[in-house]
Amino acid sequence: MTKPSLPELLHAAVTAVGGTERPGQVAMAEAVEEAIDGGSHLLVQAGTGTGKSLGYLVPALAHGERVVVATATLALQRQLVERDLPRTVDALHPQLRRRPEFAMLKGRSNYLCLHRLHEGVPQDEEDGLFDQFEAAAPTSKLGQDLLRMRDWADETETGDRDDLTPGVSDRAWAQVSVSSRECLGATKCAYGAECFAESARERAKLSDVVVTNHALLAIDAIEGAPVLPQHEVLIVDEAHELVSRVTGVATGELTPGQVNRAVRRAAKLVNEKAADQLQTAAEGFERLMELALPGRLEEIPEDLGYALMALRDACRTVISAIGTTRDKSVQDEDAVRKQALASVESVHDVAERITNGSEWDVVWYERHEPRGGAAYRHSGASLRVAPMSVSGLLREKLFTDRSVVLTSATLKLGGDFNGVGASLGLAPEGTEGDDVPQWKGVDVGSPFDYRKQGILYVAKHLARPARDGDRGDMLDELTELIQAAGGRTLGLFSSMRAAQLAAEELRSRIPEYPILLQGEETLGELIKNFAADPGTCLFGTLSLWQGVDVPGPSCQLVVMDKIPFPRPDDPLMSARQKAVEEAGGNGFMAVAATHAALLMAQGAGRLVRASGDRGVVAVLDQRLATARYGSYLKASLPDFWFTTDRNQVRKSLAAIDAKARQTEAAGQTEAAGQTESG
């Protein structure tokens with residue numbers, strides 16, 4: 001029997017999910033097939049509405065080797081596992097003559113730990129474990145969440161936190177989950193045979209497609225101990241997020257609260273001398289942290305160097321002491337010991353990393369707003385260390401021994417793929433060489449007609465935004481735009497403070513348009529309420545730039561208060577910029593402008609989510625029209641019709657609003673008619 005062709009398979013899959021084939025999707029599937037068959041790498045930009053999930057799933061399933069799909073957001077993981085994969089597998093089964101198996105795999109702390117649930121949580125101040133269910137008042141929110149999780153444990157098949165609805169707070173989940181370091185291991189644990197995390201790993205080993213998240217992919221690459229099963233093809237969706245997720249996983253942190261927790265956990269398990277040594281080192285570190293001023297440490301100050309060496313050495317002593325003493329009076333000693341060891345090892349590793357001082361690491365102090373919780377009780381400061389760049393790590397760990405496909409709606413910045421390619425450790429496209437990963441970039445476009453569906457408006461008449469300066473003119477402009485649009489506005493702000501100020505001000509100026517503010521409700525709840533009422537506006541910061549999918553008339557105006565450059569005092573970004581400059585490059589363009597372009601492309605992508613959507617992206621920052629780098633940023637955005645004419649844009653918004661009202665009124669009349677005839 002001849003092997004079915006890719007167009008036949010794609011047609012079957014698209015029909016099964018009730019979609020329509022699009023030229024961009026076909027082009028994408030062909031490019032993915034070519035990369036997989038040739039063992040090369042592909043960066044593919046696929047605009048919203050292309051149907052990119054099927055564009056990579058169909059050629060990957062047809063290839064027949066194991067595939068890992070890594071995504072950034074929970075929503076996409078769910079969509080793949082609950083909707084796209086089951087339908088695609090069913091549709092391709094008759095033609096492939098096999099039914100590919102698929103599974104979801106996440107990090108261990110995402111799964112309920114039965115040992116924790118049944119045996120209790122190791123308690124910091126006391127011997128042994130305590131029953132977290134009895135310790136929490138049953139009337140408190142924590143107590144109620146714990147009881148609900150206990151019932152859920154009996155019925156869940158996955159133990160996956162994301163399958164628990166409604167969700168629970170991080171604090172509640174911490175009572176019933178463990179990190180991989182704290183886990184006793186399936187062979188030593190009384191619940192090893194029923195462990196949710198272990199069974200997820202087993203399912204992944206037997207599957208043809210494993211869906212995971214960027215964080216687990218990063219852990220797999222960094223820690224050297226494979227977490228993901230062996231695979232021939234890696235597909236990274238939402239690939240614009242990968243560098244920041246990998247950086248997050250590779251970042252170490254030390255806080256006085258965390259160090260004190262390690263002291264308390266280890267104290268009962270080691271001899272007095274070792275416990276005292278760690279206690280003294282912890283006190284020295286805490287005293288220094290009380291005086292810490294936020295900012296980068298280009299050189300480690302002498303007193304901090306001594307404090308970290310003392311901490312590292314004391315942790316080493318405790319780690320070997322924990323290994324040699326046993327204490328039968330501690331109930332469930334293995335679990336208590338394992339948790340203590342995990343705490344001490346994580347302090348040791350960060351202290352040692354900073355003490356060793358790599359030229360590739362950036363070290364800085366950060367201060368947090370005082371808030372409750374044990375971790376911040378002692379001091380609102382943390383010491384952090386992150387890699388200057390993860391491009392070398394990605395080049396070495398990601399692009400060897402497998403074919404990698406990276407896809408997103410925003411990979412082409414300023415007109416080409418080389419900027420994003422460089423951040424992933426790839427040489428410019430077409431560079432030849434023995435150990436140079438070969439890749440190509442393909443832009444399959446979008447099914448939307450951006451020039452007809454959207455307007456990019458830059459408020460050129462506004463004063464240039466100054467850091468923390470008064471932006472009264474911007475608030476006036478924003479008020480008028482929202483009034484012209486009849487609400488329907490997603491406000492994307494460069495800082496939480498700016499979003500809060502704008503929400504406060506506009507709530508009193510235009511009370512007829514309700515304004516939802518990020519942080520006042522869960523993100524899911526906010527987006528649901530925003531979508532439900534066209535007169536409503538939603539204001540917020542970073543996660544809204546990327547996480548909002550509201551097609552239709554509820555979102556017809558997307559406003560960016562200013563170009564989202566990184567803050568000049570961001571230690572990691574400024575260190576990266578400086579490093580590029582020292583190597584003879586343009587640090588501003590390579591780091592700050594690339595960061596801003598990516599966010600702006602994501603933000604502008606919130607406007608047109610369906611073929612009937614119409615609207616305006618308004619940038620209230622004249623620099624997009626006047627600065628030299630403006631053209632680079634504009635080239636990274638969808639190809640909207642461009643204007644700086646404020647009267648023109650108000651007229652357009654009013655016309656779009658009037659049309660939406662007409663449609664809404666017609667819909668209500670029709671619904672009323674159906675009710676009467678019913």
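Which residues in α12 meet which residues in α15? Hello everyone, let's start there, and please keep in mind that this is a predicted model.

From α12, the residues are Gln258, Val259, Ala262, Arg265 and Ala266, and they meet Gln339, Ala340, Ser343, Val344, Ser346 and Val347 in α15. Sorted by class, that contact between α12 and α15 has 6 nonpolar, 4 polar and 1 charged residues. To place the pair for you, helix α12 covers residues 256-267 and helix α15 covers residues 333-356. Their axes come within 8 Å and cross at roughly 140 degrees, and therefore α12 and α15 are oblique to each other. As for handedness, α12 passes α15 in a left-handed crossing.

Helix α2, residues 23-38, packs with helix α3, residues 52-63, at an angle of about 35 degrees. The axes of α2 and α3 are 8 Å apart, and the crossing of these two helices is right-handed. On the α2 side, the contact is made by Gln25, Met28, Ala29, Val32, Glu33, Ile36 and Asp37. On the α3 side, you will find Lys52, Leu54, Gly55, Tyr56, Pro59, Ala60 and His63. By class, the contact of α2 with α3 has 8 nonpolar, 3 polar and 3 charged residues.

Where does alanine 103 lie? You can find alanine 103 in strand β3, which runs over residues 102-104. Alanine 103 has a relative accessible area of 5%, so this residue is buried. What is alanine 103 in contact with, leaving aside its neighbours within four places in sequence? The answer is Arg203, Ala204, Ser207, Val209, Val210 and Val211. Valine 44, for its part, is 59 residues from alanine 103 in sequence, and the two are 24 Å apart in space, C-alpha to C-alpha.

Last stop, the cysteines. How many disulfides does the count come to? The count is 0, with a disulfide taken as a pair of cysteine sulfur atoms within 2.5 Å. For cysteine 183, the nearest cysteine sulfur belongs to cysteine 195 and is 6.2 Å away, and cysteine 183 is in no disulfide. Cysteine 183 is buried, at a relative accessible area of 16%. Cysteine 537 is in no disulfide either; its nearest cysteine sulfur is that of cysteine 555, 9.9 Å away. With a relative accessible area of 0%, cysteine 537 is buried.

Note on methods
Residues numbered from 1 in each chain as written. Predicted model: local features only at pLDDT ≥ 70, side-chain atom pairs only at ≥ 80, totals over all residues. Heavy atoms only, no water. Axes fitted to C-alpha atoms, helices over the stretch in contact; angles between N-to-C directions. Helix = DSSP H or I, 4+ residues; strand = E, 2+ residues; numbered from the N terminus. Parallel < 35°, antiparallel > 145°, perpendicular 65-115°, else oblique. Left-handed = near helix turned anticlockwise from the far one by under 90°. Contact = heavy atoms within 4.5 Å. Nonpolar A, V, L, I, M, F, W, Y, C, P; charged D, E, K, R; others polar. Buried < 20%, exposed > 50% of the residue type's maximum accessible area, 1.4 Å probe, protein only.
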